[in-house]
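Please open the model in your viewer and keep the selection tool at hand. The stops below say what to select next and what is to be found there.

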Amino acid sequence: MYSVLVVGMIASSILFASGLILFFVQNPNPMQAEMTHYSSFREFVQQLMLLRASAILVLATIILIATPITRVLISVVVFAVNRDLKFVLVTGIVVLILLVSMVLGYLWNLSIS
Amino acid sequence: MDVTLIFLAICFLAAILAGFLGGLFGIGGGIIIVPFLSVFMGIPIHDAIAISLVSVIATSNAGGSSYLEQKITNIKLAMYLEVATTAGALVGSIITLLLRSWVLFIIFGVLLVYVSFTSFKSRATDERRMITNEFAAAKQDGISKYLGLTGSYFDASKKKEVEYRVNGASKGALISSLAGVTSGLLGIGGGLIKVAAMNMFMNVPLKAAVGTSKFMIGVTAAVGSLLFFVTGVIDVYILAPIALGTTLGATVSTMIMNRLRSYVLKVGFGILVAYLAYTMFVQGLLLGFGIKLPILG
């Protein structure tokens, strides 16, 4: 669990820092930030391959958000390996609630847009 | 949004401060970042909340890992309360739709005034209870006993191992679920309320509560962040310096927290809670009665 947090922290920090540096290299007179919306996953990967600053910053954000979720998933596994069934259940409920709120939030977003 | 080097540098410096305080008190720092971005930097409140929420994850990763390494975090307690906070966030968002939000703000304001007051009043009790061994001798309730919620950490200011047995599991869960509600309402991780719930109602020493809260808030914030991310309202250019700053600030403060006396932490905690209570009243009075109080900071 410790290493998940540390890897997530270091990876996203490096990407955030390099993304910002690249942004100022690519835009010597930065006025308007470029967009960070992608029509497809493929477009995002292409932008990433081109080392566009915006794509790197988006990747850093993804890693950041994924870190605590990965931590919860890994703790389910750790408790299962240690045969601590009570806590497999407790952590399992957390995973379930996370899933339900994501689905509800997604539906809610669809309904207002 | 224009992105300039100076703008980003100011965000970075403010975020270091937010991350520093967040590490000391087991909170995400949203109560600092949201007003900073919206009042001082002129960023729309919704964007500010989204950026703040994602940055809470950054400080939780940094601070949470540091407290894990120092063995201050109680992982089992964190897992148990995560059920309550995530469920609270879920139920809270439904309640929010039914109840007028100013009522919620006022209720939380009153709750926080109580927490702040109790924090000042009990500023010396943590150290007294360590000496009289009350943390270790407490009688556990059914849930805490069943889940085996006990813990210990090495207190660097007292130079001794502090053992504790968790009790009041249902009361603590109820209050943590309220923390989940505030998280959905205001874009904050609800760390202050979690720390208060553990320390005041669950027989957890303040430092263990801070470490455990720091570990938990990332999960609470991840849900909301994911939604903001999917809808594409996160400004990654502002997020970058904020996330870097809070990571740095939290890393530094988590290294010194354990060396401070609980007494000092409690007083600081009480001041922060009083400030949060005030902002709740500001929001509540504005939304309910159109009364405008000045925002500090």
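Begin by selecting Leu57(A), Ile51(B), Val54(B), Leu239(B), Ala240(B) and Ala243(B), which touch the most other members of the largest nonpolar core, a set of 124 residues. A nonpolar core here is a set of buried Ala, Val, Leu, Ile, Met, Phe, Trp, Tyr and Cys residues joined through C-beta atoms within 7 Å, and a residue is buried if 20 or more other C-beta atoms lie within 10 Å of its own, exposed if 12 or fewer, and partly exposed in between, with C-beta atoms placed from the backbone. Helix 11 of chain B, residues 206-231, gives the most to this core, with 14 residues; helices (H or I, at least four residues) and strands (E, at least two) are DSSP runs, numbered from the N terminus. In soluble globular proteins, nonpolar side chains tend to be buried together.

What you are viewing is a predicted model, in which local features need pLDDT of at least 70 and side-chain atom pairs count only at pLDDT 80 or more, while totals for chains, interfaces and linings use all residues. Residues are numbered from 1 along each chain as its sequence is written, and chains are lettered from A and ligands numbered from 1 in the order in which they are written.

Stay with Ala243(B) and show its contacts, where two residues are in contact if their C-beta atoms, placed from the backbone, lie within 7 Å. Leaving aside neighbours within four places in sequence, Ala243(B) is in contact with Ser12(A), Phe16(A) and Leu64(A) on one chain and with Val54(B), Ser55(B) and Ala58(B) on the other.

Next select Pro241(B), in helix 12 (residues 236-256) of chain B. Is Pro241(B) buried or exposed? Pro241(B) counts as buried because 24 other C-beta atoms lie within 10 Å. Apart from residues up to four places away in sequence, Pro241(B) touches Leu20(A), Leu8(B), Cys11(B), Phe12(B) and Ala15(B). If you then draw a C-alpha to C-alpha distance from Pro241(B) to Leu265(B), 24 residues apart in sequence, the value is 27 Å.

Now colour chain A, which has 4 helices and 0 strands and reads α-α-α-α along the sequence. Of its 113 residues, 34% count as buried. How many residues does each chain bring to the contact between chain A and chain B? Chain A gives 44 residues and chain B gives 46 residues. On the side of chain A that touches chain B, helix 1 (2-26), helix 3 (53-81) and helix 4 (85-112) each supply at least two residues, and the largest share, 14 residues, comes from helix 4 of chain A.

Return to chain B and display helix 1 (residues 5-25) with helix 3 (residues 45-69), whose axes come within 10 Å and cross at roughly 55 degrees. Axes are lines fitted to C-alpha atoms, for helices over the stretch in contact, and angles run from 0 to 180 degrees between N-to-C directions. That angle makes helix 1 of chain B oblique to helix 3 of chain B, given that angles under 35 degrees count as roughly parallel, over 145 as roughly antiparallel, 65 to 115 as roughly perpendicular and the rest as oblique. To see where they meet, select Ala15(B), Gly19(B), Gly22(B) and Gly23(B) in helix 1 of chain B together with Ser55(B), Thr59(B) and Gly63(B) in helix 3 of chain B.

For the strands, select residues 150-155 of chain B, which form strand 1, and residues 160-165 of chain B, which form strand 2. Strands pair if DSSP finds at least two bridges between them, and these two pair in the antiparallel sense over 6 bridges. Gly151(B) stands opposite Tyr164(B) of strand 2 of chain B. The covered face of strand 1 of chain B holds Gly151(B), Tyr153(B) and Asp155(B), whereas Thr150(B), Ser152(B) and Phe154(B) are on the uncovered one. The hairpin has 4 residues between the strands, and Lys159(B) takes a positive phi near 55 degrees.

Finish on Arg165(B), in strand 2 of chain B, which is buried, with 21 other C-beta atoms within 10 Å. Beyond its neighbours within four places in sequence, Arg165(B) has contacts with Ala136(B), Ala138(B), Gln140(B), Thr150(B) and Asn203(B). The C-alpha atoms of Arg165(B) and Gln140(B) are separated by 6.6 Å, although the residues are 25 apart along the chain.
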